[in-house]
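Work through the following exercises with the sequence and the 3D view side by side. Each task is followed by a solution in steps.

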Amino acid sequence: GAVRTNRSHAIKLGISILCPSSGLAVRDSVERLAATGLIDNPDVLLARTSDEWLIVLDPSEEVVGGALVTIDRDWAMLNILVGSSYQVRYALHTELVLKLRAMGVQHLFASNESALVLPPGLQYLQRILGYQVVNLRL
C-alpha cells in the first residue's frame with residue numbers, strides 16, 4: 001500500500017535517505033539542512049546527542065529534508081520531520097517508520113503543540129500517515 005507507493009515516488013525522484021552515525025557526519029548534515037531554511041535551530045538540535053537523525057538527499061546530493069527522533073525501548077518521539085516537498089516528507093516518514101519497526105519500536109508520537117491547533121496541511125499529513133489524536137498520561 002502506502003509504503004510501496006512512497007518508496008516508488010522516492011525512487012522516481014532519486015531521493016536517498018541516510019542515517020549519519022558519526023558526530024561529524026551528523027553535524028555536517030544538520031548544518032546543510034539548516035542552510036536550506038527548513039530548520040532554524042541547528043545548535044539546539046545538535047545538542048541532543050542520544051537522538052537519531054535521518055537525512056534526505058536529492059540526486060545531486062543536496063540536503064532536502066531531515067528527521068530527528070528520540071527512541072526509548074518501544075516508544076519513539078518524533079521531534080522534527082521536515083522536507084522541501086510532500087514527496088520528500090512522505091518518503092522520509094516511510095523510511096523512519098520502517099527503521100523504527102525494525103528496532104522494535106511499537107509507538108511513535110509527535111512532539112509538537114496540540115493537534116487541534118496545527119495548520120490544516122499538517123493535520124492532513126498526520127491523518128494520511130495514520131496518526132491519531134490521543135491524550136498521553138505520564
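Is Glu52 buried, partly exposed or exposed, and at what relative accessibility? Glu52 counts as partly exposed, at 28% relative accessibility. Here buried means under 20% relative accessible area, exposed over 50%, and partly exposed in between (1.4 Å probe, protein chains only).

The model is predicted, so local features need pLDDT of at least 70 and side-chain atom pairs count only at pLDDT 80 or more, while totals for chains, interfaces and linings use all residues. Residues are numbered from 1 along each chain as its sequence is written, and side-chain values use heavy atoms, with hydrogens and water left out.

**Exercise 1. Find the salt-bridge partner of Glu52 and state what the pair connects.**

Step 1. A salt bridge is a side-chain nitrogen of Lys or Arg within 4 Å of a carboxyl oxygen of Asp or Glu. Glu52 forms one with Lys99, the closest N and O atoms being 3.4 Å apart.

Step 2. Lys99 lies in helix 4 (residues 86-102) and Glu52 in strand 2, so the pair ties together parts that are 47 residues apart in sequence. Helices (H or I, at least four residues) and strands (E, at least two) are DSSP runs, numbered from the N terminus.

Step 3. Lys99 counts as partly exposed, at 23% relative accessibility.

**Exercise 2. Check the span of helix 2 and locate its buried face.**

Step 1. Helix 2 covers residues 23-35, which is 13 residues. The expected span is 1.5 Å times one less than the number of residues. That should give 18 Å, and the end C-alpha atoms are 18 Å apart, which agrees.

Step 2. Val26, Ser29, Val30 and Leu33 of helix 2 are buried. Seen down the axis, the buried residues of helix 2 fall within an arc of 95 degrees, so they line one face of the helix. The arc is that of the directions from the helix axis to the C-beta atoms.

Step 3. Leu24 and Ala35 are exposed on the other side of helix 2. For Ala35 the relative accessible area is 69%.
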